[in-house]
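Take a look at the chain below.

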Amino acid sequence: RRALRRGGVVTDVAGIKGPIAAALPEPSFVGGHPMAGSEQQGLDGADPDLFEGATWVLTPTATTDADAYATVQSVASTLGALVVAVPPERHDQLVALISHVPHLTAATLMNLAADSALEHGTLLRLAAGGFRDMTRIAAGDPGIWPDVCRDNKAAIVAALDGLIDALREVREAVGGADREGLLKHLERASEARRNLPVGAPAPRESVEVRVPVPDRPAVLAEVTTLLAEVGVNIYDIEIAHSAEGERGVLVMVVSAAAVPVAREVLTGRGYRLSVKRMEG
């Protein structure tokens, strides 16, 4: 508050905005949440390009001074971030859905599997890529989450209620052998997942390239290096692991215009690839 009284502009980087906005109803305070970071900690984890292309949420209120907002927006943009403005309460609802509830869900599923493993010792050894990918975030620092859940309780409970209702519908579809209903549910989720924004060109200009790869060291580096050498930018990438055998599939999002050169360089090295347009 001292900086605010002296005419300064103050922002913050906390992941929950509602309580902070309520505690600082000052014209020169602009709440912020840069959605960037990594698992690295301390000075060794410093990255000059940390905010390049990242989303930086600003949460102005009715009392926020326009010049103060413009100043913080300019700083974030100068660092390479994409600035998005939403009210504090709406921010907290969104992060509950896309961050807080996923972590709680991953932890719950991991505990459920761990409990079953007590009776079936080989269960976790059979955990395939899908299970590992979904529960990866459960390995994060547990210490921060009780405070997160306290400060964003209402939004998290509302999102959990929505998830529970949705899971109940899925349970009914499975229990009732509702093949059509279940297929529609899965197809909608599949389409939505493929079209998550990834900083790529507009969906109509992007394609999903799938490349089957053997499970061997450096195969990911080999594919990405081949594409980099011919100027193909990969906007998003993930590995779909096979539950059986020693293979997987690289799933990459690239621009549609890059497909011909990508196909030429990859097939020239013995890789097969399939291409699917993103839904616009």
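## A buried methionine and some salt bridges

Met-252 touches Val-207, Glu-208, Val-209, Val-211, Val-223, Leu-227, Ile-234, Asp-236 and Ile-237, leaving aside residues up to four places away in sequence. Met-252 sits in strand E7, residues 247–255. Is Met-252 buried or exposed? Its relative accessible area is 1%, so Met-252 is buried. Val-275 lies 23 residues from Met-252 in sequence, and the two C-alpha atoms are 9.7 Å apart.

How far can the model be trusted? The model is predicted. The protein chain has an average pLDDT of 86, and 88% of the residues score at least 70. Confidence is highest in helix H7 (residues 153–175), at a mean of 97. It is lowest in helix H1 (residues 2–5), at 58. Where pLDDT is low, the predicted coordinates should not be read in detail.

Now the charged pairs. The whole structure holds seven salt bridges. The table shows three, among them one in helix H7.

| Salt bridge | N to O distance |
|---|---|
| Asp-12 and Lys-17 | 2.6 Å |
| Arg-150 and Asp-151 | 2.9 Å |
| Asp-165 and Arg-168 | 3.1 Å |

Asp-12 and Lys-17 are both buried. Arg-150 is exposed, because its relative accessibility is 55%. Asp-151 has 35%, so it counts as partly exposed.

Asp-165 and Arg-168 are three residues apart in helix H7, about one turn of the helix. Asp-165 is partly exposed at 41% relative accessibility. Arg-168 is partly exposed too, at 44%. Elsewhere, salt bridges with shared partners link Asp-147, Arg-150 and Asp-151 into one network.

Technical notes:
Residues numbered from 1 in each chain as written. Predicted model: local features only at pLDDT ≥ 70, side-chain atom pairs only at ≥ 80, totals over all residues. Heavy atoms only, no water. pLDDT = per-residue confidence, 0-100. Helix = DSSP H or I, 4+ residues; strand = E, 2+ residues; numbered from the N terminus. Buried < 20%, exposed > 50% of the residue type's maximum accessible area, 1.4 Å probe, protein only. Contact = heavy atoms within 4.5 Å. Salt bridge = Lys/Arg side-chain N within 4 Å of Asp/Glu carboxyl O.
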